[in-house]
Amino acid sequence: MRTILHIDFNSYFATVEQQANPRLRGKPIGVTGGDRMERTVIGAASVEAKKFGVRTGMPIWEAKSLCPEIILVPGDSDKYLETTKRFLNILKDFSPKVEVFSIDEVFMEVEDCHGPLNLAMTIKERIREEVGEWITCSIGISYNKIMAKLAGSLYKPDGLVVIEDEEAAMWILDRVELNEICGIGFRIKKRLNNMGIFSFATLRKVPLKALLASFKSYGLILYNMSRGIADDQIVPFFEKEEVKSIGHRHTINHDTYDTEEIKQILLKLTELIAKRLRTKKLRGKTVSFWLRNSDFTGEDMQLTIPYTNDGLEIFKASWKAFHKIWNKEKIRMVGVSVSNLKSETPENLTFLEELKSQEIINQTMDKINNKFGEFSLQRGVLLGSSKIRRMPNPFLADRRFKL
Amino acid sequence: MLSIQEPINVWVFFKGSLIQPWCFFWKARQIKVDKVNLVHTSKDGSNTFYHFSISSGGNFYRLKFDTNKLKWFLEALEEE
C-alpha cells in the first residue's frame, strides 16, 4: 500500500532568513520583494509576525500598522532556491517519487512503508542537521495527496499528523472548513454554500448526479473528496511537465504616465521572456499584456503573432496592446507573458536572410549575457533603464531540479 | 543590516569536500567565525559566488567568495 508524505516548510522565506541571521530569530520579520522596500508586499511573514496578523501578500503599510516593530528583510531568491535544492537532495535518499508542489512544499510517495512516522522523524532530523536548525517543516502522512496535504496543514509549525484511512479522513473532514482542502477555493466554496452545503458531512449527502449537474466533471472530484477518496498520482520533479507560459511583471517605483519609461520597462521584460524562451528552445505565439493603474484597477489584452522567441517581436505586440487598452491613467505595474508555446524544431528555421541575421544576433547576445550577466549587452534604448530584479515563481513553474 | 562590498582576507579550512571560513580580517580586527549558519550560491553570468552567512560573538556577517577572481568580500553585517 502506498503512503504519501506532504512536507511543507513553515514560513519558508522568513525562516531561511532567520537561519542565515540568528539575530532575526524570535522576532517578527517580513520578507519583501527583492531589494525593494517600497511599493511591495510581504512575500513571507515569520511565525512571530503572523501572531500579529501579518500575512503573505499584505502591503507593507498594513503590516507595519499591525506590527510596528516588524523587521523588513529584502528577499533573496538564490538563498531560497538553494535551500529547496538541499532539502530535495535529502528526500531523494528516501524515494525517487518526489513531487515539487511549490518552492516550500513537496509530496513524496513511499511504497510498503511500515514506519512512516519514523521516516518523517528522520527527515525532520536530517533537515535540522543538513539544512539548518531553525528551519522546520510540517509533515502530513496519509494514503493520498489530498489527505496528506490536509494532515500537514492541521498542526503548524513543526507538526506531524497521520490520517491513516478513509474512516479517519471522514472524521477529520467533518471538523474542517470546506476550503481547507486543496481543490476547494473561494469560488467553489461559494457555489457550494449557495447550494446550502457548508460542510463535508452535508456534501456527502448530495447525490453524485446533482454534483455532476452543477460542477460537470469536477462534481465527481468533489463527491470523492468528501469521502477522502482521490486518484492523484505523484509527478516526480524530474518528469515535471514543460511550461505553458513564460512571463514577467514589474511594479514601477512610482506611478507614471511617461510612455518612454513604460516602453523601456516593457522592452526589458520582453527581452527577459525571449531569452528564457530561447534557453528552453521554445517559441510562443500568444502575447498577453496587462497593466495596473495607480488606483489598482487594470486592463489586459491578448494578441496572436507568428511564433517567435525574439524580444523585439514580443515587445511590438505588447506595445500595440498597451496603446489599445491604456486610458491615460497613471500606471503602477505592467506585465507580459507569452503562451501557446511549441518546441523549436528544424521546421521553424527560416531561410530569410534578415530573420536569420536576427537569430544570429540573439544567439550572440545570449552567449555574451550568459557569460557576463543579464543585460551586459543590451539594446541602446535600454541604457539608463531601471534595474529589474528577477524573483522566482513560488510554484517553480518553469524549473526542473537537477540534483 | 548594513550592506557593504569590502574586500577582505579570510582564513579557511577544508572539511571533507567543504570549505569553511575560520576567521576574517576587517578594519584591523580579526573576527573569528563561531558558526556558519547558511551557505548559498548565486551567479552573475557564468561567474559563481558562494555566500557564507556566519555568526561571531552575537554578530552577523555575510562573506562572499568570488570563484572567478578567487577573492573574498564582506557583503553584509549586523553588529551589537
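1. Let's start with L192(A), which sits in helix α8 (residues 186-194) of chain A; helices here are DSSP runs of H or I with at least four residues, numbered from the N terminus. L192(A) counts as buried because it has 22 C-beta neighbours inside 10 Å (20 or more is buried, 12 or fewer exposed, in between partly exposed, with C-beta atoms placed from the backbone).

2. A word on the basis: this is a predicted model, where local features need pLDDT of at least 70 and side-chain atom pairs count only at pLDDT 80 or more, while totals for chains, interfaces and linings use all residues. Residues are numbered from 1 along each chain as its sequence is written, and chains are lettered from A and ligands numbered from 1 in the order in which they are written.

3. Back to L192(A): setting aside neighbours within four places in sequence, L192(A) is in contact with L178(A), I197(A) and L203(A) (contact means C-beta atoms, placed from the backbone, within 7 Å).

4. Next, have a look at α10 (residues 208-215) and α11 (residues 218-225) of chain A, whose axes come within 7 Å and cross at roughly 135°. Axes are lines fitted to C-alpha atoms, for helices over the stretch in contact, with angles from 0 to 180 degrees between N-to-C directions. That angle makes α10(A) oblique to α11(A) (under 35 degrees is roughly parallel, over 145 roughly antiparallel, 65 to 115 roughly perpendicular, the rest oblique).

5. Finally, 15 residues of chain A are in contact with twelve residues of chain B. On the chain A side, α14(A) gives the most, with four residues.

How values were computed
Helix = DSSP H or I, 4+ residues; strand = E, 2+ residues; numbered from the N terminus. Contact = placed C-beta atoms within 7 Å.
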